[in-house]
Amino acid sequence: MRKVLLTLITLTLSLALFGNFDFFPENPADNADRSFSQIHIPFSAYELNVNNSILRFDDMLMFQTDHQLTDGEKSILTADDFLLDFNTSHDFINFGHKYWNFNFGLKTFGNVEILDKMYSNLVIYGNDTNRPYESNTGEGSTVFSFWRATLDFAYPKGLSFGMIPGLFPEEESSSFVEYLRDMTLYVGANINLDYSMMYASIDDSSQKFGSMDDSLYYHYNAHFEYTDEGSVGRLTPSFGFGVKATIFNGNFHAQIDDIFMQLNYKNLGGGWYEKYYRNDLLYFDEDYEAIEETFAEDDSTRIKNRYVKFNPSVSVGMDYTILDGLQIMAKYINNQHSYKNGFSLGAGYQWRWLPFQAVLGYDDNIYYEFKTGLIFDRFEWQTGATFYHGFFRYGKGLGLNSSMMFKF
């Protein structure tokens, strides 16, 4: 009887968890007891996240015409380097039947240093005479993209620890041991094929300048790499697997993915850019001209291979139903090509055909995620927004996502 009840509870929870509002969509084992087929409307599934290091949405008001910066606004602009990072994910094909699923899409990532805080201080407070300045603005900035095709497969039957000979002997009388022996487990695996698409980076960058008693000067140089018409990508595989265990009115999830994942960009273009300026104030000859030289060696070198390597991604957590239609979850995820990492707590509720989800997470900074949409027997639409560093007007970043799918 207990097994029958556990099975009914598991099926009820699974119906609520499947689809666009699943708290653990990355776990391939989640498809093991899926009772339907699905197909996403092409180009309807996307995710976009943009974040910066210093400006909240509310701070944008300081850039209005005729507005005079306050001391507090000046301190905001000079507190840190201005960094911009982003990622996008677009699913072009996503369909599946019960315990298997296929997904194909494009992922893009960027991390760019826009401005060293030294320049913000110079603009607002001015520079000192007879003092040399030096920075490395832009160094380490990287943007890349890749295509990914993923095939998920889950074993369509539930397993249990009791199937392992000798693990939990029948003579054990403890109710806890009996529960572990009868606990339903689902397992799944996935294989990824990644094709490196576009890559650009600034490997070295330096700026030296100053206003001396006898001269003005600046010296700028940069070494960059980029994808051009001669560059090619390479197809590289990785794989992962996951497990889902039913625990009372909830599920425990554990997943590892991106094992052996690396992107290989071949035959990249590369070059150097250097600019030098000097104006010596010692010379008063009317024919004297400042020295200004520019050297640009575009595509002067070819980079045979550029590798972008990833650590295996890990996800572990639990969802639990505490009231009719109210579900809570706790999760930890570490994924180098995901934007929502770290620890998170969430809750979801469905009122008739209206679902609601809210997640509070913390990685390097706090983030708030909200989702809603429509759920019908044959159709689902999900849309959501994420605020990074703060809530609404106090956020420094914004994420948007949406997807539509038919179930049959």
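Q: How do β9 and β10 pair, and over how many bridges?
A: β9 and strand β10 (residues 250-259) run antiparallel and pair over 8 bridges. Two strands are taken to pair if DSSP finds at least two bridges between them. The names come from DSSP runs, numbered from the N terminus: helices are H or I runs of at least four residues, and strands are E runs of at least two.

Q: Before we go on, what kind of model is this?
A: This is a predicted model, in which local features need pLDDT of at least 70, side-chain atom pairs count only at pLDDT 80 or more, and totals for chains, interfaces and linings use all residues. Residues are numbered from 1 along each chain as its sequence is written, and side-chain values use heavy atoms, with hydrogens and water left out.

Q: Okay, back to β10. Which residue in β10 is the bridge partner of Lys244?
A: That partner is His253.

Q: Which other strand pairs with β9?
A: Strand β7 (residues 185-211) does, in the antiparallel sense, and 11 bridges link it to β9 (residues 235-247). In that pairing, Leu185 has Ala245 of β9 as its bridge partner.

Q: Changing topic: what is the average pLDDT of the chain?
A: The average is 86, and 89% of the residues score at least 70. pLDDT is the predictor's confidence in each residue, on a scale from 0 to 100.

Q: How much space lies in the largest pocket?
A: About 680 Å³. Of its 28 lining residues, the closest to the centre are Asp85, Asn111, Tyr339, Asp363 and Asp364. On a 1 Å grid over the protein atoms alone, a cavity is a set of points where a 1.4 Å probe fits but cannot get out, whereas a pocket is an open set with protein on both sides within 12 Å along at least five of seven lines; lining residues have an atom within 4 Å of a point. Grid points are joined across faces, edges and corners, and the volume is the space filled by probe spheres set on the points.

Q: Which strand gives the largest share of that lining?
A: β3 does, with 4 residues. Strands that supply at least two lining residues each include β2 (45-52), β4 (100-115) and β17 (366-375).

Q: Where is Ile93, and what does it touch?
A: Ile93 is in strand β3. Leaving out residues up to four places away in sequence, Ile93 touches Phe102, Asn103 and Phe104.

Q: Is Ile93 buried, partly exposed or exposed?
A: Ile93 is partly exposed, because its relative accessible area is 39%.

Q: What about β14 and β15, how do they run?
A: Strand β14 (residues 326-334) and strand β15 (residues 342-351) run antiparallel, joined by 8 bridges. Ile333 has Gly342 in β15 as its bridge partner. β15 also pairs with strand β16 (residues 354-362), antiparallel over 9 bridges, and there Trp351 stands opposite Leu354.

Q: Which residue has a positive phi in the hairpin of β15 and β16?
A: Arg352, at near 55 degrees, in a hairpin with 2 residues between the strands. Most residues other than glycine have a negative phi. Arg352 counts as exposed, because its relative accessible area is 64%.

Q: And what is the phi of Phe260?
A: Phe260 has a positive phi of about 70 degrees, although it is not a glycine. Phe260 is in the loop between β10 and β11 (262-280).

Conventions:
Buried < 20%, exposed > 50% of the residue type's maximum accessible area, 1.4 Å probe, protein only. Contact = heavy atoms within 4.5 Å.
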